[in-house]
Amino acid sequence: MKDLTRYRNIGIFAHVDAGKTTTTERILKLTGKIHKIGEVHEGAATTDFMEQEQERGITIQSAATSCFWNDHQLNIIDTPGHVDFTIEVYRSLKVLDGGIGVFCGSGGVEPQSETNWRYANDSEVARIIYVNKLDRTGADFFRVVKQVDTILGAKPLVMVLPIGVEEQFTGVVDLLTRKAWIWDDSGDPMSYKIKDVPTDMVDQVEMYREQLIELAIEQDDDVMEKYLEGEEPDIETLKRCIRKGTRDLAFFPTYCGSSFKNKGVQLVLDAVVDYLPNPMEVKPQPEVDLEGNETGSFAVVDPEKPLRALAFKIMDDRFGALTFTRLYSGKLSKGDTILNTFTGKTERVSRLVEMHANSREEIDSAQAGDIIAIVGMKNVQTGHTLCDPKNPATLEPMVFPEPVISIAVKPKAKGGEEKMVAALSKMVQEDPSFHMVTDEESGETILKGMGELHLDIKVDILKRTHGVEVEVGKPQVAYRESITKRIEDGYIHKKQSGGSGQYAKINYVLEPGESGTGFQFESKVTGGSVPREYWPAVEKGFGSMTDKGVLAGFPCLDLKFTLMEGGFHPVDSSAMAFEIAAKAAYRQSVPKASPQLLEPIMNVDVFTPENYMGDVIGDLNRRRGMMKSQETGPTGARIKADVPLSEMFGYIGDLRTMTSGRGQFSMSFSHYAPCPNNIAEEVIKEAKERQAAAS
């Protein structure tokens, strides 16, 4: 039996280029998992094993690895920082017990850091903070600490102070022990000395140590009382208080260093062991029924309980399909049969592996608290629950955002359609934010994703990993349609052709619904003019038509259909007749209800050096952007705006040109809003031309 108190399931997350992957490399080196450090900028990092990651110097997939520190097993997931891949961060956080938020010492709290922090708050994941790159020009530990407080609304608990800054950065002072860790310039993480605090830092260390103690002891009334009476708590007592506060998200222990220069990472590893929760200290996962309602039961982390596991990532590699799985309760062994509650099917577990980036170790069994990969599962997708067939239950599923951008693709090689569709099907299984559909009218294969880079990478994977060259159409925005006017209308469906006929009469109100409500149906029929058993057929008939709007064929959102009254025939009426009537009612009434085109509006967060701020704002205004906020800091300006997605194509190139390569931005879906008439006319005209060409 494994000792779960010695487990830490943690994720490392941050903004692009804050040094997450480099930090992971240093952790693997220090824990003896690798012997030669690979650098991201050389394309040699252990966890960045995709070609696309090595070339672009960014992390795309979250990579899982295990290592040991101070007799504790750390299961680490290195997640991407780029906004188009936040889905990877989200699903990783779902299965983790703790995290390390990495911030750049000069960049500070950057746009994507905020999104990731919000995801971590939603998942209630305990975190420690690591301010990296303190050797960089413009690095300022105290400024980043202040930003964590003001921008993220989080309470940082400063645990170490930097010795020197920028190129003078040599080490850190541990406030608990009042000892200085000083590294030499050899680049060896083990070449350090522990000394007394530099004399010029003594006052500063005492001030910050006092703040640390006062914040920590708020977690224990007895300790606080003794402190107020003049008795200072010992280090073990302080650690216990810090651990409790970290687990309860009361504050976030904050460290600093330079991963690239191998300075400061040991203290972060010690903090993972000392302060982040083990699997048994985390709130147990709620179980839900098939409708998604909580049952009141929980998957308690206990190897003796029935099996409850969540598949959080599917990955296809040269050895076959890997299903990354977090075990919440029970045990799993080779040869076991497990039930997938989503599909209702059972599957046999043939092989279990523990992952180290893209290499693996075969294992015979796993238990509650483990993160492992199952090889060769057939019908499992991200978010599915795997459980004991004799004791079924479903864990709270993951919710993924809808894609907002699409492109049409077709294979360059003749007869390559089948190979392309097979490859895309695998990719769709791996990434729940990536969709593939076939346009019924044109027969085109349409790929949908979260942004230009997302789809660009997918096309690249198609080409390199699966050997399928494709021609790519220009990006299409996922427009929607809605109505703006309330109308009362009616429809009679009558068909007589000898024998029993069809008859259905409905009178109804069609009106705009609240934003984000989709399609709503209500019946106010009294007195049986439309028998109750036909109401679902009316709802089904009308609802099935909302996939295609009347303006340009985009899905229709936020409309409410109220069935008021109607009529039926005792012989000729049927559910089918009422469903046909409702479909015809949609075609008849939606054009009368002043339909309008809606476009996706994105939250755009731009970081730029201050002297380019005017140009950037002017450019966003030209793109129909609505400014929300702008603030300047020591390293540059931060501009937040709502901008239509259709205006953001190619923005990264324009931003880099405008800011001499120094600007960066992140973008995420915000909401749908009415499209201006001139643009709506253009979109509708294009859609009709496409439909005409297809037919």
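1. Two strands count as paired here if DSSP finds at least two bridges between them. Keep that in mind when you look at K179, whose bridge partner in β10 is D196. One thing to know before going further: this is a predicted model, so read every value below as computed from that prediction.

2. Four strands make up an open sheet, in the order β7-β8-β9-β10, and the pairing is antiparallel. At the edges sit β7 and β10 (192-196), each of which pairs on one side only. On average, neighbouring strands of this sheet are turned by 25° against each other, if you ignore direction.

3. Strand β7 (residues 160-163) is joined to β8 by four bridges, and the two run antiparallel. Within that pair, L161 stands opposite V173 of β8. Moving on, β8 is joined to strand β9 (residues 179-183) by four bridges, again antiparallel, and there G171 stands opposite I182 of β9.

4. Is strand β8 (residues 171-174) buried or exposed on its two faces? Both faces are covered: G171 and V173 are buried on one side, and V172 and D174 are buried on the other.

5. Which other residues have a positive phi without being glycine? One of them is E124, with phi near 55°. E124 sits in the loop between α4 (111-122) and β5 (126-132), and its 47% relative accessibility makes it partly exposed. Another is L249, where phi is about 60°. This leucine is in the loop between α8 (235-247) and β11 (252-256), and at 27% relative accessibility L249 is partly exposed as well.

6. On to charged pairs. How many salt bridges does the count come to? The total is 29. One of these pairs is E281 with R247, where the closest N and O atoms are 3.3 Å apart. E281 lies in the loop between α9 (265-275) and β12 (285-288) while R247 belongs to helix α8, so the bridge ties together parts that are 34 residues apart in sequence. Both ends are partly exposed: E281 has a relative accessible area of 27%, and R247 has one of 34%.

7. E362 is partly exposed at 45% relative accessible area, and R351 is partly exposed at 28%.

8. K628 and D642 make a further salt bridge, with their closest N and O atoms 3.2 Å apart. Because K628 is in strand β36 (residues 626-633) and D642 in strand β37 (residues 636-644), the pair ties together parts 14 residues apart in sequence. Accessibility separates the two ends: K628 counts as partly exposed at 48%, whereas D642 is buried at 15%.

9. Salt bridges also join up into a network, which links D619, R622, R623 and D654.

10. Last stop: S589, in helix α13 (residues 575-589). Its relative accessible area is 0%, so S589 is buried. Which side chain does the side chain of S589 make a polar contact with? The partner is Y508, at 2.5 Å. Leaving aside residues up to four places away in sequence, S589 touches I487, D489, Y508 and L510, so Y508 turns up in the polar contact and in the list of touching residues, where touching means heavy atoms within 4.5 Å.

Note on methods. Residues are numbered from 1 along each chain as its sequence is written. This is a predicted model: local features need pLDDT of at least 70, side-chain atom pairs count only at pLDDT 80 or more; totals for chains, interfaces and linings use all residues. Side-chain values use heavy atoms; hydrogens and water are left out. Buried means under 20% relative accessible area, exposed over 50%, partly exposed in between (1.4 Å probe, protein chains only). A salt bridge is a side-chain nitrogen of Lys or Arg within 4 Å of a carboxyl oxygen of Asp or Glu. Axes are lines fitted to C-alpha atoms, for helices over the stretch in contact, and angles run from 0 to 180 degrees between N-to-C directions. A polar contact is a pair of N or O atoms within 3.5 Å; within protein, one must be able to donate a hydrogen and the other to accept it, and residues adjacent in sequence count only if both atoms are side-chain atoms.
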